[in-house]
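Keep the sequence and the structure at hand while reading.

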Amino acid sequence: MTITNILLTLIVIVAGFFAVFYYIKKRKNAEVENPINIDDKTYTLDVMKEFVKRRLDEITKVNLYDIGLSEEELKRRKNKKYELKKALKGCTYGDVNDKKYVKELIYDLLSTEYGVDETNISRAIPFDTPSLLTAQDKFDILIYAYKKDYGYEALTQLINRYNLADLKYVEGDAKPSYVIMPKEIEDIYEKENIKLSFSDKLSIVVQRIYQHYKGYSTIDEIRDMNIDGVSGGVSGLPESFLSQVAQTASGDYLNQVAEHKVPRACDSIWIFFQGKSIRLAFLSFGTEAELKRVCQNIYKYNNPGQLSDTNGYKINEMKDGSRVVVVRPSFSETWAFFVRKFDVKRATLEQLVRDPGKEDVIKLLKFLVKGARITAITGEQGSGKTTLLMGMIENIYETMNIRVQETAFELHLRKIYPTRNILTFRETDTISGQEGLDVQKKTDGSVNIIGEVATDPVASWMIQAAQVASKFTLFTHHAKTFPNLVTALRNSMLRTGVFTDEKTAEEQVVQVLNFDVHQVKDFRGKRYIQRITECIPVENKNEYTFDHRNEKSMEGKYDKFFDNATRYFEKSTDKQLYTYRNIMEYIDGEYVITNPITKENIIEMRNNMDETDVEEFDKFIEEHWGNMMQPVSASLSEEKEEPKKRGRKAKEV
């Protein structure tokens, strides 16, 4: 072999070695971003968001086996990659821990790789020039500062401190409304005079990038707060209306629409705060596409199925237990969502009932539950029915097994009572509420709780189950008055075909239903129990006579016969099956105990209580209704003596 061939061979080997070395180095440094070309837009939120998306995509998709890592390093990097993938998925479901993890990673990427520092961070949000800050920027800064001190009570503290939940007149509106205007946020920002470090500024920028990348846009931080709920897309002009407006509206109005002075659907953000629906006029999703993105992501926990034009709504829960309802065109006129939060830590009767006379109301509610009375909790949407139900459940005896049926998981009783025998069922696309309730019959439940009697089959089964399937039942309903409740349940029985006669169906309802607790939310958002009503079935007494036998003439016999016939037709056509009376009423801001509970219900309640509760119940009755206990005690004594009498007679025989 010549020297030339040897040299060529060496050159090829060396070149191959360098090629392999370069390839391995390139793959190993796959997570290092190419040098950033810096220009005027480099440090804007949009450009940084694209960088973050690209880098996180690279980290999650890199093939670790091609990099040539040691076994220990490979294992560590695989765990990190898996953890990031899991967090990126979990944060879209409302998991605050996954959200925190992703935000910390974004923080590191921006500070170490992207080169964000004290001098260029103001290009993203002009922290150093307050006049250039938008109302949303100022709100983000306020929430960040308050969150450092108050955690998830930040929004509540801000609203209460500056009375933002008060009724107010807005320019152009003839009537007052609950709304928080941009000017109010700007005034609060000036008063607070918040000083931010570089770390604080970068954290606010990270939150802004995160909420448009993996979060829920401008409601992302609001959704995490301890409020009653948040909704979007429920006011303003939908996109589909704009073309119609363009054909009929005047030039001035069209200019206002074009300049976004007229609210659009994507400008619609409302919170449900202490019973009040408050519009956040200073916040906006910006575009219809952003509102649509939030609606398409916010309901995805546990894969509930696809929201499509054919299936235009979804009811689901989020990872933190919040209930979420999402609707879309063509089922609704625009994309919209509703998130309801239930604070299980606060759902005790002592915290829910606060007006004067509360002690008696709390005792009465506890006695209804311990006395195993079938009780309806009625009221309009948002009046606090579900929360009150959660507070009443606390007083069910530990020995009783609880079975719950809901449309979406809201009560979360096992979080509050992890040691109790509780199982909850819910409706799915393939299992109806009726089927779920049928399954409950076979699960050894003592107490049947129905989150909401919203459909005819569930109402019908609830009446049947209350008769035979469980010891007692608690349920919520949207009826406004007690007669409305009876009528609604009766009609459900008729529509499902269980009964064909109105009177028979109504008779079944009133024989089952014992009490109705009615919740009210007034126009100022105050929630209270308006009344507790007892249902009293009317006994069907036989009022017919046999006087015709004493009549001598045929004419007299006919008169007596027609008297009986008249009574028959009165009973058939205008038969009163029940009466009702209020045991407690809310009068002039105070709870007042009014009419006594009937003897029949008192006897049944005492039979279901333990000895300690029977003593307290007897004291409660004597305190409010005097000597009612004497006839009740006499009745109980007679009931106990009756078997003994029969036994003595049997011995004598």
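## Helices 5 and 6

Helix 5 and helix 6 cross in a right-handed way (the near helix is turned clockwise from the far one by less than a right angle). Their contact (heavy atoms within 4.5 Å) involves Phe139, Ile143, Tyr146, Lys147 and Tyr150 on helix 5, and Ala154, Leu155, Gln157, Leu158 and Arg161 on helix 6. Sorted by class, these are seven nonpolar, one polar and two charged residues.

The axes (lines fitted to C-alpha atoms over the stretch in contact, with angles from 0 to 180 degrees between N-to-C directions) of helix 5, residues 135–150, and helix 6, residues 154–161, come within 8 Å and cross at roughly 110°. Helix 5 is therefore roughly perpendicular to helix 6 (65 to 115 degrees).

## About the model

The model is predicted: local features need pLDDT of at least 70 and side-chain atom pairs pLDDT 80 or more, while totals for chains, interfaces and linings use all residues. Residues are numbered from 1 along each chain as its sequence is written, and side-chain values use heavy atoms, leaving out hydrogens and water.

## Helices 17 and 18

Helix 17 (residues 433–440) packs with helix 18 (residues 456–468) at about 25°, the axes being 8 Å apart. Helix 17 is therefore roughly parallel to helix 18 (under 35 degrees). Gly433, Gln434, Leu437 and Asp438 of helix 17 make the contact with Pro457, Val458 and Trp461 of helix 18.

## The whole chain

The chain has 24 helices (DSSP runs of H or I, at least four residues) and 16 strands (runs of E, at least two). Of its 653 residues, 46% are buried (under 20% relative accessible area, 1.4 Å probe, protein chains only).

Notes. Buried means under 20% relative accessible area, exposed over 50%, partly exposed in between (1.4 Å probe, protein chains only). Angles under 35 degrees count as roughly parallel, over 145 as roughly antiparallel, 65 to 115 as roughly perpendicular and the rest as oblique. Ala, Val, Leu, Ile, Met, Phe, Trp, Tyr, Cys and Pro count as nonpolar, Asp, Glu, Lys and Arg as charged, and the others, Gly among them, as polar.
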